[in-house]
Amino acid sequence: MSLSMPLPSHIVPIFSGGGTRLPAHLGILQALDEMNIKFNTLVGVSGGSVITALYSKGYAIEDMLKLAISTDFKQFTAFSLWRLVREGGLSSGDHFEQWMDDLLEGVTFTELPFALNILATDVNGGGPVLFNKARTPTVRVSQAVRFSMSIPLIFSFKEFENQLLVDGAILSEDALFEDWQQDGTPSVCFRLKSNAKRRPLTPRRGFVLPQYISLLIQTFMTAVSREYVHAQYWHNTLVVNTGDISAVDFSMTEAAKRRLFDVGYQTTLRFLPAKLTRCIKLKRPESHLIE
């Protein structure tokens with residue numbers, strides 16, 4: 001017989017991955033707000049870094065949703081084979097970083113009211129790279145978000161202190177599940193997952209590289225989102241299935257964006273209470289007696 005127990009009033013939410021599916025993270029935030037679950041510390045990776053940065057700056061969920069719906073994601077992409085060869089990405093990412101910096105008003109980590117943590121990946125063998133008040137107080141948050149959002153082949157890698165930084169979702173799992181507040185506050189990782197979808201090929205004569213690169217990126221990012229979750233992290237992970245909406249869909253419709261918001265919202269409301277109950281049981285020494 002199970003004993004009921006109150007859910008924690010505070011957590012550390014980890015918004016992992018997403019790419020252009022970031023409206024799903026907004027649905028998660030909306031559900032947390034309605035469940036009256038508070039947080040002082042946030043962790044953002046890839047698309048999740050965009051949402052956590054804006055939220056930490058003071059943006060309301062409703063305003064962020066309006067921004068996500070009205071923003072044409074295609075403005076952040078370009079196609080330059082020369083840049084791909086020289087810098088590892090079709091787009092520089094500079095326009096995206098400037099867009100973020102304008103929204104954030106050039107804020108640095110030390111100026112934020114929240115303890116914001118953003119993760120990127122060093123492809124030069126360094127693994128996950130963390131940006132926050134303690135490690136990088138004077139770094140602009142927009143720069144860290146740009147690092148974390150550097151989807152391979154789409155955005156160029158960037159150098160930072162002898163590191164080559166790309167999308168944080170690639171090697172972030174082992175760095176996510178820390179005692180972020182050093183007080184035992186439970187962490188919950190909200191992880192977006194996509195399903196593979198066969199798309200019709202556009203018949204081309206001659207130059208087929210653009211289509212090949214697009215399919216390669218979509219396949220890679222879908223594989224990253226479906227990567228196995230280690231058993232020791234499962235009780236702290238809530239998977240949000242975004243269906244066949246790709247992490248690199250820069251032509252996403254308004255309907256798709258609203259659908260992502262809804263799936264993040266509904267999944268959190270439905271499954272988070274059970275996850276938090278499990279977290280509490282695992283922390284209690286007598287938990288093996290409660291069945």
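# Reading burial, contact and ring pairs in a predicted model

Mentor: In this predicted model, N36 has a relative accessible area of 47%, so N36 is partly exposed.

Trainee: Why is N36 called partly exposed?

Mentor: Buried requires under 20% relative accessible area and exposed requires over 50%, with partly exposed in between. The value for N36 is 47%, so N36 is partly exposed.

Trainee: Where does N36 lie, and what is its phi?

Mentor: N36 belongs to the loop between α1 (23-34) and β2 (41-45). Its phi is near 60°, a positive value in a residue other than glycine.

Trainee: What makes I37 count as buried?

Mentor: I37 also lies in the loop between α1 and β2. Its relative accessibility is 5%, and buried means under 20%, so I37 counts as buried.

Trainee: Which residues does I37 touch, not counting residues up to four places away in sequence?

Mentor: They are P8, S9, I11, L32, L272 and L276. I37 and I11 stand 26 residues apart in sequence, while their C-alpha atoms are 7.1 Å apart in space.

Trainee: How do you know that S56 is buried?

Mentor: S56 has 0% relative accessibility, which is under the 20% limit, and therefore S56 counts as buried. S56 is part of helix α2 (residues 47-57). Leaving aside neighbours within four places in sequence, S56 is in contact with L42, L112, P113, F114 and L116.

Trainee: Why is E159 called exposed?

Mentor: Exposed means over 50% relative accessible area; E159 has 63%, so E159 counts as exposed. E159 is placed in strand β7 (residues 158-160).

Trainee: Which residues does E159 touch, not counting residues up to four places away in sequence?

Mentor: E159 touches F147 and L164. Between E159 and F147 there are 9.1 Å from C-alpha to C-alpha, and the two are twelve residues apart in sequence.

Trainee: What makes E161 exposed?

Mentor: E161 has a relative accessible area of 63%, which is over 50%, so E161 is exposed. E161 is found in the loop between β7 and β8 (163-166). Although E161 is not a glycine, its phi is positive, about 50°.

Trainee: Why is helix α6 described as largely enclosed by the rest of the structure?

Mentor: Helix α6 covers residues 141-148, and seven of its eight residues are buried, so the helix is largely enclosed. The buried residues are V141, S142, A144, V145, R146, F147 and S148.

Trainee: Which residues of α5 are buried, and what covers them?

Mentor: In α5, the buried residues are F96, W99, M100, D101, L103 and L104. Their cover includes α2, α3 (61-70) and α6. Just after α5, E105 takes a positive phi of about 55°.

Trainee: How do you know that F96 is buried?

Mentor: F96 has 5% relative accessibility against a limit of 20%, so F96 counts as buried.

Trainee: Why is the aromatic pair of F96 and W99 called tilted?

Mentor: A pair of aromatic rings is described by the distance of the centres and the angle of the planes. F96 and W99 have ring centres 6.1 Å apart, within the 6.5 Å limit, so they form a pair. The angle between their planes is 35°; stacked needs under 30 degrees and edge-to-face needs over 60, so this pair is tilted.

Trainee: Where do F96 and W99 lie in the helix?

Mentor: Both are in α5 (residues 94-104), three residues apart, about one turn of the helix. An α-helix has 3.6 residues a turn, so residues three or four places apart point the same way.

Trainee: How many aromatic pairs does the structure hold, and which residues do ring pairs link into a cluster?

Mentor: The structure holds eight aromatic pairs. Ring pairs link F39, Y55 and F114 into a cluster.

Trainee: How many cavities of 30 Å³ or more are there, and which residues line the largest cavity?

Mentor: There are two such cavities, and about 90 Å³ of space lies in the largest cavity. Its lining includes F73, F96, W99 and M149. The charged end of K257 sits over the ring of F73, 4.2 Å from its centre.

Trainee: What share of the residues in the whole protein is buried?

Mentor: Buried residues make up 52% of the 291 residues. The protein has ten helices and ten strands.

How values were computed:
Residues are numbered from 1 along each chain as its sequence is written. This is a predicted model: local features need pLDDT of at least 70, side-chain atom pairs count only at pLDDT 80 or more; totals for chains, interfaces and linings use all residues. Side-chain values use heavy atoms; hydrogens and water are left out. Buried means under 20% relative accessible area, exposed over 50%, partly exposed in between (1.4 Å probe, protein chains only). Helices (H or I, at least four residues) and strands (E, at least two) are DSSP runs, numbered from the N terminus. Rings of Phe, Tyr and Trp (its six-membered ring) pair if their centres lie within 6.5 Å; planes under 30 degrees apart count as stacked, over 60 as edge-to-face and the rest as tilted. A charge sits over a ring if NZ of Lys or CZ of Arg is within 6 Å of the ring centre and within 35 degrees of the ring normal. Contact means heavy atoms within 4.5 Å. On a 1 Å grid over the protein atoms alone, a cavity is a set of points where a 1.4 Å probe fits but cannot get out, and a pocket is an open set with protein on both sides within 12 Å along at least five of seven lines; lining residues have an atom within 4 Å of a point. Grid points are joined across faces, edges and corners, and a volume is the space filled by probe spheres set on the points.
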